[in-house]
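Here is a short briefing on one protein chain. Please keep the sequence and the 3D view open while you read.

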Amino acid sequence: MTSTERFWTGMLFRPCVGEDDCFSPPDRRSDTAGCATVLRIEALPFPDDIERAAAAAPQAEPDLRAWQEAWDRSFPNWWQTDFALKVLAARDRGSISSDEVLRGQIERFRAKPGYEPALTAFRIEKRALSIAPPDVESPSEEVMVARTLRAASAFSSFARLTPFVSAIHVVIDRIGDAMAVLNGHDDDGVSRLSRPHARYGASETGDVRFDDDLLAFFAKLGVEEIPGLQFWTWDFLRGHLGRTVFGVGPTEFEARDREIDRRRMEERRILLAGAIADMAAQRISAAVLSPRDINGGTRSRLLDLTRVDTIKSALDLLDNTDRFAWASTVEPLERYMTMNRYFFHDGRMIGSTCVDPAAHPYDAEVSKGFDRRLTFDVTNLVDDGEFNTVDSEDLAAHEQYARDIGALLQNHGVMDFALDVGLLGMGTNAAGSIERDFRVLAVSDLWSADTYSLDYAVLAGCLRGEAALYSTRLDAALDALASHSDFGRLAPDFREVVESYGRGAMIARLIQRSSSTYCGAWDDETVKDVIEESVVHYVRLADEGLVTPSEKEAAEDKVSFLRYDGFHEWLLKYWDGKRPS
């Protein structure tokens with residue numbers, strides 16, 4: 001046997017085995033995060049971008065100006081930050097070929113080799129000697145305008161959500177990212193945002209309520225890559241895929257323990273590389289690599305398999321294309337006549353969109369969350385088609401198929417998702433009726449899927465309903481404080497403190513603490529403990545005349561259990577403001 005003998009041909013690229021009796025419905029975002037959400041946008045309100053977007057869609061100008069004003073007021077001189085400067089530099093640089101990327105890495109290494117130069121040099125050398133990854137095109141001006149319009153529309157809805165349970169994550173072409181939280185509105189109605197609180201240094205910045213705990217919670221929710229819906233393993237859906245989709249992803253247990261998953265990551269990438277090599281051995285010349293994690297921020301990539309001849313060469317290609325992918329699928333490149341994306345919440349269809357990257361919510365063909373167009377001549381790369389208005393019968397056929405698949409998923413406990421449906425072909429049966437060959441392209445997370453022309457107000461409406469539920473739960477927890485054996489007398493006073501702190505801020509704090517115990521988004525025992533802890537902070541910092549000696553003594557007895565978080569820091573400032581100077 002030689003090292004190049006493909007004894008594995010036909011054995012590595014295969015459907016992933018999954019059994020119905022082993023299937024468990026995926027966790028819903030509301031089960032672990034409650035009404036908290038992170039909005040991801042792909043634009044910043046640069047003045048030139050705002051003007052171009054306003055000229056392209058005049059009806060969007062009020063939303064564009066409101067977003068720009070909120071950003072400018074909340075973050076003075078934000079355009080001078082490293083992130084903003086990198087975004088502008090990338091625009092000036094334009095598209096970069098794989099060779100240019102390699103030369104840049106070598107130049108940076110020679111200028112600054114770093115603390116572990118051998119590791120960096122190894123990666124650069126490996127990239128130089130293996131198959132070059134596909135070039136990444138810079139987005140066109142039309143796409144840039146659409147991104148700005150989508151961001152303005154999403155921010156307009158985001159600004160109406162509950163403060164402090166709503167964060168925003170800006171990520172642009174993997175150049176960098178920024179996180180901010182909605183913390184209220186100014187007297188003139190302009191939204192107010194803040195960065196995480198910087199606790200140390202000459203000048204503290206940010207809102208003290210946006211502490212390290214809340215930042216970690218929002219980062220896990222909106223930034224950290226977590227596994228998406230592994231639809232390719234669902235046996236009940238396989239007949240609707242109509243093709244082989246090979247994928248890798250962590251088990252539920254591994255997803256909760258990132259250290260375990262890191263140790264398994266390389267093994268999964270070898271499995272994926274094996275499938276790619278097997279496709280090449282079967283004379284499949286092009287494949288689509290799609291990330292299947294939440295918050296990954298990357299899109300599908302086209303892989304040229306003509307130079308792949310071993311599993312190692314496929315692994316090198318995979319490393320060069322996306323070295324950090326940990327949950328992905330690979331499948332042959334296929335072209336579809338038409339395609340659309342449908343959004344489901346709580347098992348109910350709430351909207352649809354074409355998948356043209358130039359689409360946005362201010363398009364005239366979008367009404368009440370539903371797009372009256374389809375994407376034509378699209379591959380499973382998704383972002384390469386163009387939208388067009390179609391006959392109502394074609395649109396209705398797509399929608400009906402999506403509803404049928406949505407009902408199937410709902411019956412199996414999959415409630416919140418985005419569904420990509422493609423039409424592979426159509427013909428006429430013996431009776432003269434039109435038959436359409438629909439396929440399921442993907443099932444992805446509702447809250448992280450690209451929305452294209454979908455108005456984010458549709459999703460915001462779902463979140464507002466959940467926020468009202470948690471506001472009611474907070475009232476119940478504060479009412480229960482009145483029966484506390486040590487601090488019941490202080491229940492009315494503490495309720496006033498919570499209102500000053502912000503109901504949304506307290507709800508976010510309680511959700512974060514409950515979630516950290518793996519007991520769901522609102523664990524009654526955890527909430528009770530955190531409320532008591534907050535009262536203890538209040539009693540220990542209060543002036544002598546406001547609390548009794550017995551309340552002080554009871555608070556001191558619990559001091560060893562205290563957590564000194566953002567609420568404690570805010571309370572210090574609260575009492576300082578109450579005392580005369």
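This is a predicted model: local features need pLDDT of at least 70, side-chain atom pairs count only at pLDDT 80 or more; totals for chains, interfaces and linings use all residues.

Why does Met337 count as partly exposed? Its relative accessibility is 37%, and that is why Met337 falls in this class.

**Overall make-up**

- The protein has 581 residues, and 51% of them are buried.
- Its secondary structure comprises 19 helices and 18 strands.
- Take the contacts between residues at least 6 apart in sequence: 71% of these join residues at least 24 apart.

**A nonpolar surface patch**

- Met337 sits in strand S11, which spans residues 335-345.
- On the surface, Met337 forms a nonpolar patch with Met426 and Ile434.
- Together, the three residues of this patch have about 260 Å² of accessible area.

**Nonpolar cores**

- The largest nonpolar core holds 54 residues. Phe218, Phe494, Ile531 and Leu571 have the most contacts inside it.
- Several elements each supply at least two residues of this core, including strand S3 (177-185), helix H8 (212-222) and helix H14 (457-480). Also among them are helix H15 (491-501), helix H16 (503-516), helix H18 (549-557) and helix H19 (566-578).
- Helix H17 (524-541) is on that list too. H17 gives the most to this core, with 8 residues.
- Ile531 touches Ala477, Leu478, Leu481, Phe494 and Leu510, leaving aside residues up to four places away in sequence.
- A second core is separate and has 51 residues. Among them are Phe236, Val245, Leu272 and Val414.

- Asp49 forms a salt bridge with Arg52, at 2.7 Å from N to O.
- Both residues lie in helix H2 (residues 47-56). They are 3 residues apart, so about one helical turn separates them.
- Asp49 also forms a salt bridge with Arg91, where the closest N and O atoms are 2.5 Å apart.
- This second pair links distant parts of the chain: Arg91 is in helix H4 (residues 82-93) and Asp49 in helix H2, 42 residues apart.
- Arg52 is partly exposed, with a relative accessible area of 36%. Arg91 is partly exposed as well, at 33% relative accessibility.

**Other salt bridges**

- The count of salt bridges comes to 36.
- One of the pairs is Asp450 with Arg40, and their closest N and O atoms are 3.7 Å apart.
- Which parts does this pair tie together? Asp450 lies in the loop between strand S18 (434-445) and H14, while Arg40 is in strand S1 (residues 37-41). The pair therefore joins parts that are 410 residues apart in sequence.
- Arg40 counts as partly exposed because its relative accessibility is 25%.
- Which residues are linked in a network of salt bridges? The network consists of Glu69, Arg73, Asp186, Asp188 and Arg192.

Technical notes: Residues are numbered from 1 along each chain as its sequence is written. Side-chain values use heavy atoms; hydrogens and water are left out. Patches are made of residues with over 30% relative accessible area and no salt bridge: like charges are joined within 9 Å, nonpolar side chains (Val, Leu, Ile, Met, Phe, Trp, Tyr) within 5 Å. Accessible areas come from the Shrake-Rupley method with a 1.4 Å probe; for residues, only the protein chains shown count as cover. A salt bridge is a side-chain nitrogen of Lys or Arg within 4 Å of a carboxyl oxygen of Asp or Glu. Helices (H or I, at least four residues) and strands (E, at least two) are DSSP runs, numbered from the N terminus. Buried means under 20% relative accessible area, exposed over 50%, partly exposed in between (1.4 Å probe, protein chains only). A nonpolar core is a set of buried Ala, Val, Leu, Ile, Met, Phe, Trp, Tyr and Cys residues joined through side-chain atoms within 4.5 Å. Contact means heavy atoms within 4.5 Å.
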